[in-house]
Amino acid sequence: MTELAAVKTALKTQAVETPSWAYGNSGTRFKVFAQPGVPRNPFEKLDDAAKVHEFTGAAPTVALHIPWDKVDDYAALAKYAEDRGLKLGAINSNTFQDDDYRLGSICHPDAAVRRKAIDHLFECVDILDATGSKDLKLWFADGTNYPGQDDLRERQDRLAEGLAQVYERLGDDQRMLLEYKFFEPAFYSTDVPDWGTAYAHCLKLGDKAQVVVDTGHHAPGTNIEFIVATLLREGKLGGFDFNSRFYADDDLMVGAADPFQLFRIMYEVIRGGGFTPDVAFMLDQCHNIEAKIPAIIRSVMNVQEATAKALLVDRSALGEAQRAGDVLAANAVVMDAYNTDVRPLLGEVREELGLDADPVAAYHRSGWAARIAAERVGGEQAGWGA
């Protein structure tokens, strides 16, 4: 197989999970901007997700957020997804939108609040059982705003205890994916602020606990690809939440702020053996002002472009330059791959899969946007927090 053929083969296997909440209305702390045709329930979210997969061929799974995507029959929801060529992916918990969680959830000083949070996480595992999903994704807004507000070490003890309870509830083929975020909404201390804290808890828990890297959850200048390389080396990288940030956790389209960073991350994924189904590539985005479905399609395409460039790195030439200590030659190998226009290559890949070479244009021609704007009238639009 030629090198180019191998790259095409790899690209045809790529799968990017889309988040249900990205299809609904979202906004900032100041305003949620409603758009016509957004889904009114989880089933309509899946209808839109099916369109993304139809035109990209690379988005076969959809992550759910509980209780935003709560339904009476999760097996029926899974069947609805299957009928549309999709599967349900990670189940995301929510322990940050209830008044009881003002001082935290599983790190809260009150045992009754901690019990409530754990019960919710157990509910999410029950949903895994019902849908056939494998991954329980955990992100905690827990933290403190002022020195002395709570005991930092005791909060870590409570976190460890709560995670252990949930871990024991997981089935043999299920995983706990622990996400971190260095600040917000807590301003003084965050209980899972960095990859080291997440890694330490996952390491103690066992093989079914792994770390999620959200590309928007880092301080400016953080070398995310180093984190990725390290977690892969330790066998603890469970997946990604792909998005972009300029200042804080902006949840913009992946690759929008720094496409070179996305390329560097994908190179380390490929180099470290992480380009497999064991590492979940999920989008985590809120499309505040742009049209939802085209933005998600664009994000999938951005991940594909970064991956294609990473696959084109001449690793033999790179290794030779590195061993020779030729700094400029090594950097040139990387930059040559990054500067390659891979859009024609990806167009060929899509056409070989029976897809349109331009997914965004194909979507606009489909008339789906006009159809859902006309049909989805009345009811309650699903959105951030719905």
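## Helices α1 and α9

V7, A10 and L11 in α1 meet Q304, T307, A308 and L311 in α9, where contact means heavy atoms within 4.5 Å. By class, five residues of this contact are nonpolar, two are polar and none is charged. Ala, Val, Leu, Ile, Met, Phe, Trp, Tyr, Cys and Pro count as nonpolar, Asp, Glu, Lys and Arg as charged, and the others, Gly among them, as polar.

Helix α1 covers residues 3-13, and its axis comes within 10 Å of that of α9, with a crossing at roughly 150°. α1 is therefore roughly antiparallel to α9; angles under 35 degrees count as roughly parallel, over 145 as roughly antiparallel, 65 to 115 as roughly perpendicular and the rest as oblique. Axes are lines fitted to C-alpha atoms, for helices over the stretch in contact, and angles run from 0 to 180 degrees between N-to-C directions. The crossing of α1 and α9 is right-handed. A crossing is right-handed if the near helix is turned clockwise from the far one by less than a right angle, and left-handed if anticlockwise.

## Basis of the model

The model is predicted: local features need pLDDT of at least 70, side-chain atom pairs count only at pLDDT 80 or more, and totals for chains, interfaces and linings use all residues. Residues are numbered from 1 along each chain as its sequence is written, and side-chain values use heavy atoms, with hydrogens and water left out.

## Residue Q304

Q304 belongs to helix α9, residues 292-311. With a relative accessibility of 6%, Q304 counts as buried (under 20% relative accessible area, with exposed over 50% and partly exposed in between; 1.4 Å probe, protein chains only). Leaving aside residues up to four places away in sequence, Q304 touches L11, Q14, T56, A58, L346 and R350.

## Helices α10 and α11

Helix α10 spans residues 315-323 and helix α11 residues 327-338; their axes come within 8 Å and cross at roughly 160°. The two helices are therefore roughly antiparallel to each other. Their crossing is left-handed.

In α10, residues A317, L318, A321 and Q322 meet A329, A330, V333 and V334 of α11. This contact has seven nonpolar residues, one polar and no charged.

## The chain overall

The chain has 14 helices and twelve strands; helices (H or I, at least four residues) and strands (E, at least two) are DSSP runs, numbered from the N terminus. Of the 386 residues in the chain, 54% are buried. Among contacts between residues at least 6 apart in sequence, 77% join residues at least 24 apart. The C-alpha trace spans about 60 × 60 × 40 Å along its principal axes.
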